[in-house]
Amino acid sequence: MNKKNRVENAGEEKERAQSVEKVSAADIDELLGASAEESAESEEKSEQGRENAPKEQATERKKSFVKGGVRYDKNGREALFQPFTVKDVVFLAVIGAAALITSAVMPLVAQIPIFGLPQLVTGLQMSLFPTIGLMKVRKPGSVLLVAALVSVLELFMAPAMGVTSLVSALVIEAVNLALFRGYKKDAACFVSGMLINPMTLPFYYLYCLAFETGSVFFRAAGDSPWVAVGVSFAVLAVCAAGAGLGVLISREIRKAGLMKK
Amino acid sequence: MTDLLHAKRPVYPLFGFAAALIVFACGLAAAKHFETIWYLCGVWAWFLLFGYYRSCLALLPAAAALCALFAGVTYAASQSVEEVWTAVRRCLAVCLAVLPGISLPAVKFTRALSRLKVPRAVTLGMMIVLSFAPLLGREIKRIREAMRTRGAGSLLSPKVLYRALLVPFAARLVNISDTLALSVETRGFCTGKVPYTVYHPVKAGVRDVIFLLGLVAGSVTLMVFCFI
């Protein structure tokens with residue numbers, strides 16, 4: 001009798017364990033967004049043999065999933081790179097447009113032979129608006145997205161500026177990931193917002209060196225290097241002021257309850 | 001960017017984009033040479049021929065004003081007539097490069113990019129950036145009116161600039177983007193990888209190819225005249 005009971009109990013336990021396994025697999029599939037067919041296929045595949053098991057495990061390990069607009073990694077932790085929602089894209093586009101339109105004064109100083117003068121004139125707005133965008137969206141890649149949107153329009157008007165904006169945005173994203181791993185901290189938003197404009201200066205110089213040696217700015221940098229250095233520091237100072245203002249304004253707006261996630 | 005300047009039948013948007021790049025690059029590269037002025041006049045006529053007459057005519061006074069400004073600044077800086085002419089040619093090249101951009105309806109550019117399977121985040125963002133300019137202008141005007149009504153004072157004062165202009169402007173940007181995002185979402189836009197339909201696909205035709213080939217031919221001729 002005891003043996004029979006033990007065998008029955010063991011059978012029940014096995015069934016329970018199998019059902020628990022099935023439920024958990026289904027849950028995981030749901031979380032991963034896989035369809036019912038895919039999960040059935042995966043169950044069939046798992047029964048085929050152990051030869052394919054390591055490969056399947058490897059592919060399962062790589063999977064991350066999105067739930068409630070937040071991406072989680074294989075361990076269920078919040079991933080570093082979050083997907084952009086429509087709200088994020090629209091806000092960053094509006095911010096990019098505001099930065100671009102308020103920088104329309106740039107062509108007025110485009111021919112004045114002082115290296116970095118356009119960056120100095122547009123420094124405040126080009127750091128203020130992106131900082132506000134970063135303070136709201138707070139996702140890695142935000143600077144790159146703003147730069148991509150702005151640079152496409154800049155390419156129509158000044159290809160050099162478009163190219164340098166994109167390259168400098170890439171560098172800023174790399175610096176941000178290395179130092180802060182995202183925009184969770186206000187300091188990260190401040191640093192990235194501050195670097196957007198000054199970072200274009202060295203790349204613009206390199207661009208001129210490669211393609212436009214006859215450019216007004218290139219010649220100006222060569223003729224009076226100390227003026228160029230002074231203006232570069234001034235650009236950094238103005239951009240720091242702009243980014244600081246951006247952080248302050250964002251905090252005020254958040255306090256007013258307007259800046260929701 | 002305003003509707004008034006849009007061409008009725010603009011060339012294929014990506015060809016327009018290429019045209020802007022070509023004119024800009026060639027115009028700047030050959031700005032020192034006198035022949036460039038004929039090239040720029042030819043480009044203007046070419047745009048006019050392909051239906052860009054509104055923006056071509058609107059460009060004339062703006063280009064004249066900008067050229068006068070740049071010429072004055074360059075003469076003050078260099079005291080050289082040759083430098084002034086170079087600056088004028090550069091300014092004209094930039095003005096002409098802007099022409100396809102201001103004549104293009106934002107939605108056509110977005111449709112062309114959508115057909116090329118450019119990520120939705122980029123096409124959507126670009127459409128907003130292109131069509132946001134007039135709205136932003138109106139918002140700034142409203143805030144200035146509110147400042148006048150409240151007697152906020154001069155914008156030269158940093159405190160007034162921050163409290164009465166920048167904070168309300170940023171708040172309005174947040175509000176506008178929230179409303180816009182809601183509106184976009186209710187129309188079925190999303191940033192994920194889902195199939196979507198472009199109801200009015202934009203395709204390149206023979207006319208567009210002729211436009212681009214003509215421009216390329218002109219640019220190559222200029223380069224040969226100036227540098228070879």
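This is a predicted model: local features need pLDDT of at least 70, side-chain atom pairs count only at pLDDT 80 or more; totals for chains, interfaces and linings use all residues.
Chain B is helical. Its secondary structure comprises nine helices and zero strands. Along the sequence, the pattern reads α-α-α-α-α-α-α-α-α. The C-alpha trace of chain B spans about 60 × 50 × 25 Å along its principal axes. Chain B has 228 residues, and 43% of them count as buried. Among contacts in chain B with a separation of 6 or more, 78% are between residues 24 or more positions apart. The accessible surface of chain B amounts to about 12,000 Å². Carbon and sulfur atoms hold 68% of that surface.

Part of the surface of chain B is a nonpolar patch. The patch is formed by B:Val216, B:Val220, B:Val224, B:Phe227 and B:Ile228. Together these residues have about 490 Å² of accessible area. One of them, B:Val224, sits in helix H9 of chain B, which covers residues 206–227. The relative accessible area of B:Val224 is 40%. That value lies between the limits of 20% and 50%, so B:Val224 is classed as partly exposed.

Chain A and chain B bury about 4,100 Å² between them. Of this buried area, 80% is on carbon and sulfur atoms. Chain A brings 43 residues to the contact, and chain B brings 51 residues. Polar links were also counted. Two residue pairs are in polar contact between chain A and chain B, both at pLDDT 80 or more. Several helices of chain A supply at least two residues each to the side that touches chain B. They are helix H4 (86–102), helix H5 (106–109), helix H6 (117–137), H7, helix H11 (216–223) and helix H12 (225–255). H4(A) gives the most to this side of chain A, with 12 residues.

Two salt bridges are found across the interface of chain A and chain B. Side chains of opposite charge can pair when their charged atoms come close. In one bridge, A:Glu252 is paired with B:Arg163, and the closest N and O atoms are 2.8 Å apart. In another, A:Lys136 is paired with B:Asp178, with the closest N and O atoms 3.8 Å apart. This pair crosses between chains, from helix H6 of chain A to helix H8 (residues 158–186) of chain B.

Over all chains, the whole structure contains nine salt bridges. Within chain A, the side chains of A:Lys139 and A:Asp88 meet in a salt bridge at 2.4 Å, N to O. This pair links distant parts of the chain, 51 residues apart. A:Lys139 lies in the loop between H6 and H7 of chain A, whereas A:Asp88 lies in helix H4 of chain A. A:Lys139 counts as buried because its relative accessibility is 8%. A:Asp88 is buried as well, with a relative accessible area of 9%. Within chain B, the side chains of B:Arg89 and B:Glu82 form a salt bridge at 3.9 Å, N to O. B:Arg89 counts as buried because its relative accessibility is 3%. Elsewhere in chain A, A:Arg138, A:Asp186 and A:Arg251 are joined into one network by salt bridges that share partners.

The backbone oxygen of A:Lys139 lies 2.5 Å from a polar atom of the side chain of A:Ser142. A:Ser142 belongs to helix H7 of chain A, residues 142–157. A:Ser142 has a relative accessible area of 0% and is therefore buried. Beyond its neighbours within four places in sequence, A:Ser142 is in contact with A:Phe84, A:Leu92, A:Leu134, A:Val137 and A:Glu173.

Terms used
Residues are numbered from 1 along each chain as its sequence is written. Chains are lettered from A and ligands numbered from 1 in the order in which they are written. Side-chain values use heavy atoms; hydrogens and water are left out. Helices (H or I, at least four residues) and strands (E, at least two) are DSSP runs, numbered from the N terminus. Buried means under 20% relative accessible area, exposed over 50%, partly exposed in between (1.4 Å probe, protein chains only). A polar contact is a pair of N or O atoms within 3.5 Å; within protein, one must be able to donate a hydrogen and the other to accept it, and residues adjacent in sequence count only if both atoms are side-chain atoms. Contact means heavy atoms within 4.5 Å. Patches are made of residues with over 30% relative accessible area and no salt bridge: like charges are joined within 9 Å, nonpolar side chains (Val, Leu, Ile, Met, Phe, Trp, Tyr) within 5 Å. Accessible areas come from the Shrake-Rupley method with a 1.4 Å probe; for residues, only the protein chains shown count as cover. A salt bridge is a side-chain nitrogen of Lys or Arg within 4 Å of a carboxyl oxygen of Asp or Glu. Buried area is the accessible area (1.4 Å probe) that two parts lose on being put together, summed over both.
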